[in-house]
Amino acid sequence: MKALKIIGIIIGVLFAAILIIPLFVSSPAVVSAQIEIALEPEQIFPSVASFEGRTDWDPWLTTDSTARATIDSKPGYVGSSYAWEGDAVGTGKMEVISVRENEYIESHLWFGAVEEPALVEWAFQQVDGGTQLVWTFTQDTKYPFGKLGMMIGKVFLDKSFNTGLEQLKEVMEANPPKLSYLG
């Protein structure tokens with residue numbers, strides 16, 4: 001009988017934690033990482049906005065040998081999309097919805113069959129020696145399980161974003177796109 005009482009108390013505490021902890025988790029969930037790349041914004045922006053070359057640095061695809069990606073680049077970038085499928089990374093799609101040339105990219109991101117997209121933003125700021133690049137993910141989370149899941153997921157997203165930015169820096173700086181100026 002005493003063992004059942006202890007098990008009941010443990011289950012009660014876990015249930016209470018599942019309901020109480022999410023009350024203190026902010027919504028929407030935001031993950032952001034930044035890096036400085038020794039290139040001009042106009043050298044980096046086209047690759048990020050069009051998704052061209054993304055498979056060379058994407059932090060998730062580079063860890064899933066079964067992953068396949070489909071890139072559909074559009075003139076002016078808006079409407080460009082990037083879809084993926086793999087055993088470890090699952091399925092998803094990202095689509096550019098707004099740009100300010102060489103400054104900002106706004107995209108929607110869907111994981112699997114999720115109806116409500118997350119927001120992915122890229123900000124490019126010219127600094128001494130190159131470009132400060134900020135990659136941000138924002139997603140509304142629902143109480144309680146969405147908030148709990150994102151609380152744990154933020155740790156992995158933060159690590160992935162930093163890995164992705166390091167890989168993007170390495171790829172871009174190793175093969176810098178040439179700028180052509182008219183005039």
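Student: What is the relative accessible area of W57?

Tutor: W57 is buried, where buried means under 20% relative accessible area, exposed over 50% and partly exposed in between (1.4 Å probe, protein chains only). The model is predicted, so local features need pLDDT of at least 70 and side-chain atom pairs pLDDT 80 or more, while totals for chains, interfaces and linings use all residues. Residues are numbered from 1 along each chain as its sequence is written, and side-chain values use heavy atoms, without hydrogens or water. For W57 the relative accessible area is 2%.

Student: How many aromatic pairs are there?

Tutor: Rings of Phe, Tyr and Trp (its six-membered ring) pair if their centres lie within 6.5 Å; planes under 30 degrees apart count as stacked, over 60 as edge-to-face and the rest as tilted. By this rule the count of aromatic pairs is twelve.

Student: Why is the pair of W57 and W135 edge-to-face?

Tutor: The ring centres of W57 and W135 are 5.8 Å apart. The pair is edge-to-face because the angle between its planes is 80°.

Student: How many residues apart in sequence are the parts that W57 and W135 tie together?

Tutor: W57 sits in the loop between α2 (41–50) and β2 (68–72), and W135 in strand β7 (residues 130–139). Strands (E, at least two residues) and helices (H or I, at least four) are DSSP runs, numbered from the N terminus. The separation of the parts joined by W57 and W135 is therefore 78 residues.

Student: Which helix holds F161, the partner of W135?

Tutor: W135 and F161 are stacked, at 4.0 Å centre to centre and 10° between the planes. Both W135 and F161 are buried. Their pair links strand β7 to the helix of F161, α3.
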